[in-house]
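Please look over the sequence and the model below before reading on. The report then goes through a few parts of the fold, one topic at a time.

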Amino acid sequence: MMTFSACRTTVSAVAVVAVGLSVLSGCKGGPSGAGAPAPASSSAAPVAGAFEPEQALAEAEKTPYAASIKGVTEAAGREMSTMTGRSNLGTSFTGRAEIRSTGLWMETVTTADANYVRNRTREGSGWVKAPRSPDNEANYAGYAKLLLAAGPSAKKGMENRGGVPAYHLAGHLDLDQVASIDPRTHRSMKAKGVTGFDIDQWIDSQGRTVRFEQRMEMRGMQAVNKIDFSEFGPVETFTAPQG
């Protein structure tokens, strides 16, 4: 997990920002505790273009892709941070992101061999390079498969997400289930005493995640990460930042 020692924010805010960043950037950190109840289905009406999630995920494994990402992290019902960026998914994680919250403005770039962080909160701050972790990945398809493995209860059916037919999956994942698909998150959360969290995930007909929600209890507060994926395209090259 990234640690921003230079950030002058409250401990609670920093913790929540780190949670959101773990989902967006692939630098896995995490909160502690179990999740809150899953939200109700967004649409009960039939949706055109229905498909089976298992088949869609099998297609996703064949073709890595890039996507624009927008994330919001909330704690105790209050927005704590926002994140925007673009990343490669379905392959070794690379991408760029900007993270903002009260008193905090960070930029990150992850390349094939390194991670770069810049604290824009400090005027004149430059990029800091750090080694890339070998398990720095963002395996959203892996999470969807874990939900499906839980059985029929995880399959909530077709819904319309922003005009796109999407299959809604939802359920609770125990921490040990995550070890095989997200070892860094597993290690980090286990060290904090985490036992599991709730997930809602929507995938399109090509198995690409279009919405990902993660809910948990952190330091006595209910926290949630809400991430939307859009503007899908071919895998892109992200290079080291200049300046």
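## A buried tyrosine

Tyr 140 counts as buried, with a relative accessibility of 7%. Here buried means under 20% relative accessible area, exposed means over 50%, and partly exposed lies in between, using a 1.4 Å probe and protein chains only.

This is a predicted model, in which local features need pLDDT of at least 70 and side-chain atom pairs count only at pLDDT 80 or more, while totals for chains, interfaces and linings use all residues. Residues are numbered from 1 along each chain as its sequence is written, and side-chain values use heavy atoms, with hydrogens and water left out.

## Aromatic pairs

A pair of aromatic rings is described by the distance of the centres and the angle of the planes. Rings of Phe, Tyr and Trp (its six-membered ring) pair if their centres lie within 6.5 Å; planes under 30 degrees apart count as stacked, over 60 as edge-to-face and the rest as tilted. A search of the whole structure gives six aromatic pairs. One of them joins Tyr 140 and Phe 212 edge-to-face, at 5.1 Å centre to centre and with 75° between the planes. This pair links distant parts of the chain, since Tyr 140 is in helix α3 (residues 140–149) and Phe 212 is in strand β10 (residues 209–218), 72 residues apart. Helices (H or I, at least four residues) and strands (E, at least two) are DSSP runs, numbered from the N terminus. Phe 212 is buried, at a relative accessible area of 2%.

Tyr 140 also forms an edge-to-face pair with Phe 229, at 5.1 Å centre to centre and 75° between the planes. Because Tyr 140 lies in helix α3 and Phe 229 in strand β11 (residues 221–233), this pair ties together parts that are 89 residues apart in sequence. Phe 229 counts as buried at 5% relative accessibility. Which residues do the ring pairs link into a cluster? They are Tyr 140, Tyr 143, Phe 197, Phe 212 and Phe 229.

## One face of a helix

In helix α2 (residues 53–60), the buried residues are Pro 53, Ala 56, Leu 57 and Ala 60. Seen down the axis of α2, these buried residues fall within an arc of 95°, so they line one face of the helix. The arc is that of the directions from the helix axis to the C-beta atoms.

The buried residues of α2 are covered by parts that include α3, β7 (155–161), β8 (164–174) and β9 (196–203). Contact here means heavy atoms within 4.5 Å.

Strands β1 (residues 65–75) and β2 (residues 78–89) run antiparallel and are joined by eleven bridges. Two strands pair if DSSP finds at least two bridges between them. Ala 75 stands opposite Arg 78 in β2. The hairpin of β1 and β2 has two residues between the strands, and Ala 76 in the turn has a positive phi of about 55°.

β2 also pairs with strand β3 (residues 94–101), again in the antiparallel sense, over seven bridges. Thr 84 has Glu 98 in β3 as its bridge partner. Four residues separate β2 and β3 in their hairpin, where Gly 90 in the turn has a positive phi of about 75°.

## Charged side chains

Side chains of opposite charge can pair when their charged atoms come close. A salt bridge is a side-chain nitrogen of Lys or Arg within 4 Å of a carboxyl oxygen of Asp or Glu. By this rule there are 13 salt bridges. Among them, Glu 98 and Arg 100 meet at 2.7 Å, N to O. Glu 98 is partly exposed at 22% relative accessibility, and Arg 100 is partly exposed at 37%. Arg 120 forms a salt bridge with Glu 107, with the closest N and O atoms 2.8 Å apart. Arg 120 lies in the loop between β5 (114–119) and β6 (128–131) and Glu 107 in strand β4 (residues 104–110), so the pair ties together parts that are 13 residues apart in sequence. Arg 120 is partly exposed at 31%, whereas Glu 107 is buried at 15%.

The charged end of Arg 120 also sits over the ring of Trp 105, 4.2 Å from its centre. A charge sits over a ring if NZ of Lys or CZ of Arg is within 6 Å of the ring centre and within 35 degrees of the ring normal. Asp 200, Arg 211, Glu 213, Arg 215 and Asp 228 are linked in a network of salt bridges.
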